[in-house]
Amino acid sequence: MPLLTPNWAAGFSFHRCHAERLVPVDWRLRWVFTGEEVNRAVRLWTHGYDLYAPTVETVLHNYTNAVQEFQQFGDAHRQFLQKQRSQRQIRKLLETLDAEDLVAEEANGEPEGLGPYGLGGQRIGEGLEDFVMWSRANLGGKWARALSNASGHVQDTRDDACLHLLRRPIRDPGALLESLRSISMDGGGDRAPRVAAGVGEHVWLHGEESVVRPFRVL
């Protein structure tokens, strides 16, 4: 049987399509390599999705020389600023913004809220704190302090943590089922799908720009 895990991996992601529609990819996280996966993990989990790791590995990826994050594209300075903003978005979600982040947000006129890319409210405990104490995942900042013992040692995730994780119940199963019904593909207005393929064989996500729009190739 697969094991419960607090992690989500971009290279090993298999789930029902409604997960992508109820917890959509945050298209604003431009040029982010480190941080995307914890973003999806905490959002999926707090929306009521359980995450599992396989007990048998049949597909491997060789990371021996994984040094390239992204190919260079466009204006390098603009890319750098977008990456900084994306990292602030992740720290906002993880509640680890510092004073320097707040100054940068104000200076750049960045929005305060996370909108549809924030945490869900489907776990019995209180939001991100519930995830941290359940998973023992050290997200930094105040969470490192929350996981520290009396001597200041951070007691975070152990190598065998998945063997001992117990499923956390969801808050309102009825509301979760209703949210799935609300995204019917043939619905309109507020029920319109966030992901769609057009007749021109483009695939688009809500809010993204044409420059990052993927093409269907198969």
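## Exercises on a predicted model

In this predicted model, helix 2 packs against helix 5 (residues 127–135) at an angle of about 105°, and their axes lie 10 Å apart.

**Exercise 1.** Work out which class of packing the angle between helix 2 and helix 5 falls into, then list the residues that make the contact.

*Solution.*
1. Two packed helices are described by the angle between their axes and the distance between the axes.
2. For helix 2 and helix 5 the angle is about 105°.
3. Angles of 65 to 115 degrees count as roughly perpendicular.
4. Helix 2 and helix 5 are therefore roughly perpendicular to each other.
5. On the helix 2 side, V42, W45 and T46 make the contact; on the helix 5 side, G127, L128, D130, F131 and W134 do.
6. Sorted by class, the contact of helix 2 with helix 5 has five nonpolar, two polar and one charged residues.

**Exercise 2.** Describe the largest pocket by its volume, its lining and the classes of its lining residues.

*Solution.*
1. The largest pocket holds about 980 Å³ of space.
2. Its lining consists of 33 residues, and A9, F12, Y52, A53 and P54 lie nearest the centre.
3. Two or more lining residues come from each of helix 1 (17–22), helix 2 (36–46) and strand 2 (52–53).
4. The lining of the largest pocket divides into 18 nonpolar, nine polar and six charged residues.

**Exercise 3.** Find the partner of E20 in a salt bridge and state which elements the pair links.

*Solution.*
1. The whole structure contains eight salt bridges.
2. One of them joins E20 to R40, with the closest N and O atoms 3.5 Å apart.
3. The cut-off for a salt bridge is 4 Å between such atoms, and the pair E20 and R40 has 3.5 Å.
4. E20 sits in helix 1 and R40 in helix 2, 20 residues apart, and the pair links distant parts of the chain.

**Exercise 4.** Locate A104 and name the residues it touches, leaving out those up to four places away in sequence.

*Solution.*
1. A104 belongs to helix 4 (residues 99–108).
2. With residues up to four places away in sequence not counted, A104 touches R88 and E110.
3. A104 and R88 are 16 residues apart along the chain, and their C-alpha atoms are separated by 9.0 Å.

Conventions: Residues numbered from 1 in each chain as written. Predicted model: local features only at pLDDT ≥ 70, side-chain atom pairs only at ≥ 80, totals over all residues. Heavy atoms only, no water. 1 Å grid on protein atoms, 1.4 Å probe; cavity = no way out; pocket = protein on both sides within 12 Å on 5 of 7 lines; lining within 4 Å. Points joined across faces, edges and corners; volume = space filled by probe spheres on them. Helix = DSSP H or I, 4+ residues; strand = E, 2+ residues; numbered from the N terminus. Nonpolar A, V, L, I, M, F, W, Y, C, P; charged D, E, K, R; others polar. Axes fitted to C-alpha atoms, helices over the stretch in contact; angles between N-to-C directions. Parallel < 35°, antiparallel > 145°, perpendicular 65-115°, else oblique. Contact = heavy atoms within 4.5 Å. Salt bridge = Lys/Arg side-chain N within 4 Å of Asp/Glu carboxyl O.
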